[in-house]
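Follow this account with the sequence and the coordinates side by side.

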Amino acid sequence: MRIQVSRELLDRQLVDVDGRLVGKVDDVEFALGADGVPYLRTLLSGPGALGLRVGGRLGRMLVLTAERFVTDRPMAPLRIPYALVTRVDSAVWLRVRAEDLGTSPVEEWLRRNLIDRIPGAGRAGG
Amino acid sequence: MRKLLAATLGILSAVGGFVDIGDLVAAGQAGARFGMAHTWVLLLGVVAICAYAEMAGRIAAVTGRAVFDLIRERLGARVALLNLIASYLVTVITLAAELGGVALALRLATGVPYLLWVPVAGLAVWLVLWRMRFQLMERVFGLAGLALVVFAVALWWLPTDWAALGRGVVLPTEAGQGWGAYWFIAVALFASTVSPYEVFFFSSGGVEERWSKADLADARFSVLVGFPIGGFLALSLIATATVVLRPAGVTVSSLEQVAHPVVLAFGAAGLAVAALAFFAVTFGAALETGLSAAYAAAQYFGWQWGKRVSPREAARFHTVLLVSVLLGVLLLLTTIDPVTLTEYMLIISAVALPLTYLPILVVANDRTYLGDRVNGRALNLLGAVILLVILAAAIAAVPLAIGTRMGE
């Protein structure tokens, strides 16, 4: 598969095998293969990776805001091996379920401390 | 029959999505001060929102991506984040203005001071967003919003000089109020017609309902009928203000004054219908602006969003929703006058318009997204002309606001 990383991969929506929205491709990581040719190894997703790419004061503020919700800092981004990608079009489709990738710490914190405490949080509005 | 029903429901949603507190205030002020002289602005606004809603809907149906996804993909992470911050602020200020409109409508109906209604309105809006079947609510409010037609009926009931109205349409004048004020109102009215939340909302709805090409045709039909009906209702607000308020020299600074023509025509019954209509359009718009603020954030960051999943599965989305409604309520509790807030909201919206509309036009021409369903030549020409108007409005908004001291 031949793709342009900056045009067709970065900032695209990550979607899991059930159609759930996992996050954005906030950054990517390359590695050197045994033959010395670089290849795309990992997709990174999460405020830590996004903040670095946004850069400047704005990027730092973004990371600091997200870090208020976690205990272990610095905040590690979600790492998705590129081998898990099945298809890249207007979104990046993964062959795994979102649960198997691990939930975002911010999502988890807000779920536990705010949303789940409001009656009716478990039912979709439709 | 079933198809007709579906089409009607779609149109109701579109009407509900079009008219809001911005239209009530801007149309009332335009008519009371300049007569029919802003009719062309309203028509231009309706054409603009129809054209861009069609593009946003087509993009949503073909790619499954909503407007803010595209803004990030096209503008990059940093510029899109600045865009998100600006769009979020504008949308939350709009939400506050809509909540203020709900409170004012309730005051009109009950006589209880509006500030007491503000927390009630905020809670009610949040509850609907949390619990209710949104589509149903959207249609109920769209239907109730049609009660605005009472303004058009009042126009027939009152001794209207139709020839004079017609002359006002084709020969716009500044009516001794100064061209600065004329253009200030023109920018506000245009901004109220093409509010960015309308396209955020429309495209996100399309993604959530997983539009296919067939649904797209229906959605396009709803918009192309519903938005002009909304435009007609706004025009009847301008016309009644022209006939009743302008000769009396009233400048609109409250919803009572906007409702005054129907009270004159139909008495207490007229007031009741007008209050119901005001309530319906502002409440419906409050739902849409609240959702749009949360859609924008969720689509920028890639969070799970929408009403198909339970709130606990979209905790960040629902947190932003909750915080946005709270911010709207807090803004109103500073006792800022809701009509004044609406005027400021329209000027800030005007400045922010290109942030939403430029990326839509760019993506609607991108074959990597749309394949052969990119814009045709005629639509591109129209889109480009509209974008120039949007840019002009955005650049002129603040100088006009300062130069005329908010249109005085």
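Five helices of chain B, namely α1 (2–18), α7 (134–145), α11 (196–208), α12 (213–248) and α13, each place at least two residues in the lining of the second largest pocket. Helices here are DSSP runs of H or I with at least four residues, strands are E runs of at least two, and both are numbered from the N terminus. The model is predicted, local features require pLDDT of at least 70, side-chain atom pairs count only at pLDDT 80 or more, and totals for chains, interfaces and linings use all residues. Residues are numbered from 1 along each chain as its sequence is written, chains are lettered from A and ligands numbered from 1 in the order in which they are written, and side-chain values use heavy atoms, with hydrogens and water left out.

A pocket is an open set of points on a 1 Å grid over the protein atoms alone, with protein on both sides within 12 Å along at least five of seven lines; a cavity is a set where a 1.4 Å probe fits but cannot get out, and lining residues have an atom within 4 Å of a point. Points are joined across faces, edges and corners, and a volume is the space filled by probe spheres set on them.

The second largest pocket has a volume of about 880 Å³. Its lining has 33 residues, and those closest to the centre are Gln135(B), Glu138(B), Arg139(B), Glu209(B) and Trp211(B). Helix α12(B) contributes the most to this lining, with eight residues. By class the lining divides into 13 nonpolar, eight polar and twelve charged residues, where Ala, Val, Leu, Ile, Met, Phe, Trp, Tyr, Cys and Pro are nonpolar, Asp, Glu, Lys and Arg are charged, and the others, Gly among them, are polar.

The structure also holds five cavities of 30 Å³ or more. The largest share comes from α7(B), with five residues. Among the lining residues are Phe134(B), Met137(B), Glu138(B), Gly284(B) and Glu288(B).

Chain A has five helices and seven strands, in the order α-β-β-β-β-α-α-β-β-β-α-α along the sequence. Its C-alpha trace spans about 55 × 35 × 25 Å along the principal axes.

Contact between the chains (heavy atoms within 4.5 Å) takes 41 residues from chain B and 37 residues from chain A. The buried area, that is, the accessible area (1.4 Å probe) that the two parts lose on being put together, summed over both, is about 3400 Å², with 52% from carbon and sulfur atoms. In chain B, Arg131(B), Arg312(B) and Arg316(B) lose the most area to chain A, together 19% of what that side buries.

Side chains of opposite charge can pair when their charged atoms come close. With a salt bridge defined as a side-chain nitrogen of Lys or Arg within 4 Å of a carboxyl oxygen of Asp or Glu, seven cross this interface. In one of them, Asp26(A) pairs with Arg72(B), the closest N and O atoms being 2.6 Å apart. Arg20(A) forms a salt bridge with Glu313(B), with the closest N and O atoms 2.7 Å apart. That pair runs from the loop between β1 (13–15) and β2 (21–24) of chain A to the loop between α13 and α14 of chain B.
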